[in-house]
Amino acid sequence: EYEEALIERKSGWGSAEILDRVGVRITTLGPGGARIERKGEAPITVPAVPDASPVDPTGSGDAFRSGFLAAVAWGLPFERAAQLGNLMAVHALEVAGGQEYALKPGPLADRFAAAYGDPAAAEVASHLPA
């Protein structure tokens, strides 16, 4: 949300004008999850991963982007990408330091399933190493 407000202030464009220019905008909302806005479509809010245990927010935005962009590169829909982004952000949020978390495919898929359901987890898990 901070970057969203900063872009609007620095560009002098309103929210609708920015969306008109970029077509898709993703805004992270901290414990509120993430909002996906697409030109001409209703926004989608993807809830945050429940039961997060915040320790340090350092790196959580970058972790969100890494998960989101990986899922987009895999050809997954934006909603699934935001879910993976949220999960990655929580992994960063739950440790001290921006890159101190460890990811293992099995536990990652299990937590994804607990947060977003088995079908969503299976879709993401098919792209993770065995």
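## Helix packing: α3 and α4

Axes are lines fitted to C-alpha atoms, for helices over the stretch in contact, and angles run from 0 to 180 degrees between N-to-C directions. On that basis, α3 and α4 pack at about 145°, with their axes 7 Å apart. The model is predicted: local features need pLDDT of at least 70, side-chain atom pairs count only at pLDDT 80 or more, and totals for chains, interfaces and linings use all residues. Residues are numbered from 1 along each chain as its sequence is written, and side-chain values use heavy atoms, with hydrogens and water left out.

Helices are DSSP runs (H or I, at least four residues), numbered from the N terminus. The crossing of α3 and α4 is right-handed (the near helix is turned clockwise from the far one by less than a right angle). Contact means heavy atoms within 4.5 Å. On the α3 side, the residues include Phe64, Gly67 and Phe68; on the α4 side, Phe78, Gly85 and Met88 are among them. By class, this contact has 12 nonpolar, five polar and no charged residues. Here Ala, Val, Leu, Ile, Met, Phe, Trp, Tyr, Cys and Pro count as nonpolar, Asp, Glu, Lys and Arg as charged, and the others, Gly among them, as polar.

## Aromatic cluster

The whole structure holds three aromatic pairs. Rings of Phe, Tyr and Trp (its six-membered ring) pair if their centres lie within 6.5 Å; planes under 30 degrees apart are stacked, over 60 edge-to-face, the rest tilted. Phe64 and Phe68 are stacked because their ring centres are 5.9 Å apart and their planes lie at 20°. Both sit in α3 (residues 60–73), four residues apart, about one turn of the helix.

Phe64 is buried at 6% relative accessibility, and Phe68 is buried at 9%. Buried means under 20% relative accessible area, exposed over 50%, partly exposed in between (1.4 Å probe, protein chains only). Phe68 also stacks with Phe78, at 6.0 Å centre to centre and 5° between the planes. That pair links distant parts of the chain, since Phe78 is in α4 (residues 78–93), 10 residues from Phe68. Phe78 is partly exposed at 28%. Phe64, Phe68 and Phe78 form one aromatic cluster.

## Around helix α2

Leu19 lies in α2 (residues 15–22). Leu19 is buried, at 13% relative accessibility. Beyond its neighbours within four places in sequence, Leu19 contacts Val24, Arg25, Glu37, Arg38 and Lys39. The C-alpha atoms of Leu19 and Asp56 are separated by 31 Å.

How values were computed:
Helices (H or I, at least four residues) and strands (E, at least two) are DSSP runs, numbered from the N terminus.
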